[in-house]
Amino acid sequence: MEFQDKAQSEDASVGFQMLSNIRIVMVNTTHPGNIGAAARAMKTMGLSELVLVEPKRPIDDEAIARSSGATDVLESAQIVPSLEEAIEDCGLVIGTSARSRSIPWPLLNPRQCAEQSVLTSKRQKVAIIFGREDRGLTNEELAKCNFHVHIPTNPDYSSLNIGAAIQVICYEMRMAIELQVSGDEQLWGVEWDRELASSKELDGLIDHLEQVMVTSEFLDPENPRYIMTRMRRLFNRAMPDKVEVNVFRGILSSITKKLGR
Ligand code: SAH
């Protein structure tokens, strides 16, 4: 225990405390053993915040065995009923994908994912979402993300065990900080003057936009096609801050008022 405490305090002194703002989210996990493996992968790299969206089976003895001593991560894991709840306070949301999907989305490799995450985690919460063992994340879940991340693999055999995927992603997070601490690499991107809008605030904006699009008869609710998914992709790609979202909602409200509805 003493050794662990020492390791943690060293972590805190050299900038690794940012890792506590990076949340690992697992959606509908089938095997509790994989939750244990995830806890172990996280703890070895210095991450601690695990959120489980409706796991099919609860944390059990197998999960504890596979966590190999990372029981603190399992004990503090939160269980929530929806993905929305798991990410609502996050300024950056990244979804993992083992294959390409119908509508292309801004795609990162694990190294770029870590750079973005570490940069944002200085001020805000970040979530990385992992999917079901058998079929990954749905298109609707992936549409909630600013970016997707794919771990490069053999194209003929591209699906990693979820615990292994979490290990690779968390390793890159640690590596991004190691490089920054040793001064080998400057993290790219600028530090923004305002906080990024949270996932919940973006959901609010997109719902508001949809209402106005229906009221103005731009959008036919009977035949919405992919328009709202495309609008969601636009806002996720732009990553607006809180002020920008408020201004946009103000514009939408003024349009509704002028339409006299
Ligand atoms: N058959 C599923 C694979 C699920 S693997 C599918 O086609 O989507 C279970 C989870 O492990 C995925 O949802 C993802 O979170 C992670 N994972 C597996 N391989 C990955 C890869 N190459 N890149 C990123 N994440 C991966």
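Predicted model: local features only at pLDDT ≥ 70, side-chain atom pairs only at ≥ 80, totals over all residues.

Me: Let's start with α2 and α8. At what angle do they pack, and how far apart are their axes?

Reply: Helix α2 (residues 32-45) and α8 pack at about 15°, and their axes lie 9 Å apart. Angles under 35 degrees count as roughly parallel, so α2 and α8 are roughly parallel to each other. As for handedness, α2 passes α8 in a right-handed crossing.

Me: Which residues make that contact?

Reply: From α2 you have N34, A37, A38, A41, M42, T44 and M45, and from α8 there are I162, G163, I166, Q167, C170, Y171 and R174. Sorted by class, the contact of α2 with α8 has nine nonpolar residues, four polar and one charged.

Me: And α6 against α8: what's the angle there?

Reply: Helix α6 (residues 110-121) packs on α8 at an angle of about 60°, with the axes 8 Å apart. The pair is therefore oblique. The crossing of α6 and α8 is right-handed.

Me: How do α9 and α10 pack, and at what angle?

Reply: Here helix α9 (residues 199-215) and helix α10 (residues 227-238) meet at an angle of about 140°, and their axes are 11 Å apart. Only angles over 145 count as roughly antiparallel, so α9 is oblique to α10. The crossing of α9 past α10 is right-handed. L202, D203, L205, I206, L209, E210 and M213 of α9 make the contact with I227, M228, M231, R232, F235 and N236 of α10. By class, the contact of α9 with α10 has nine nonpolar residues, one polar and three charged.

Me: Now the empty space. How is it found in general?

Reply: Rolling a probe the size of a water molecule over the atoms shows where empty space is left.

Me: How many cavities of 30 Å³ or more does the structure hold?

Reply: One. The largest cavity has about 110 Å³ of space. It is lined by 14 residues, with N146, S198, S199, L202 and N236 the closest to its centre.

Me: Which elements each supply at least two residues of that lining?

Reply: β4 (90-96), α9 and α10 each do, for the lining of the largest cavity. The lining of the largest cavity has six nonpolar, five polar and three charged residues.

Me: What about the second largest pocket: how much space lies in it?

Reply: About 480 Å³. The second largest pocket is lined by 24 residues, and A98, R132, G136, S159 and L160 lie nearest its centre.

Me: Which helix gives the largest share of the lining of the second largest pocket?

Reply: That's helix α8 (residues 162-181), with three residues.

Methods. Residues numbered from 1 in each chain as written. Heavy atoms only, no water. Axes fitted to C-alpha atoms, helices over the stretch in contact; angles between N-to-C directions. Helix = DSSP H or I, 4+ residues; strand = E, 2+ residues; numbered from the N terminus. Parallel < 35°, antiparallel > 145°, perpendicular 65-115°, else oblique. Left-handed = near helix turned anticlockwise from the far one by under 90°. Contact = heavy atoms within 4.5 Å. Nonpolar A, V, L, I, M, F, W, Y, C, P; charged D, E, K, R; others polar. 1 Å grid on protein atoms, 1.4 Å probe; cavity = no way out; pocket = protein on both sides within 12 Å on 5 of 7 lines; lining within 4 Å. Points joined across faces, edges and corners; volume = space filled by probe spheres on them.
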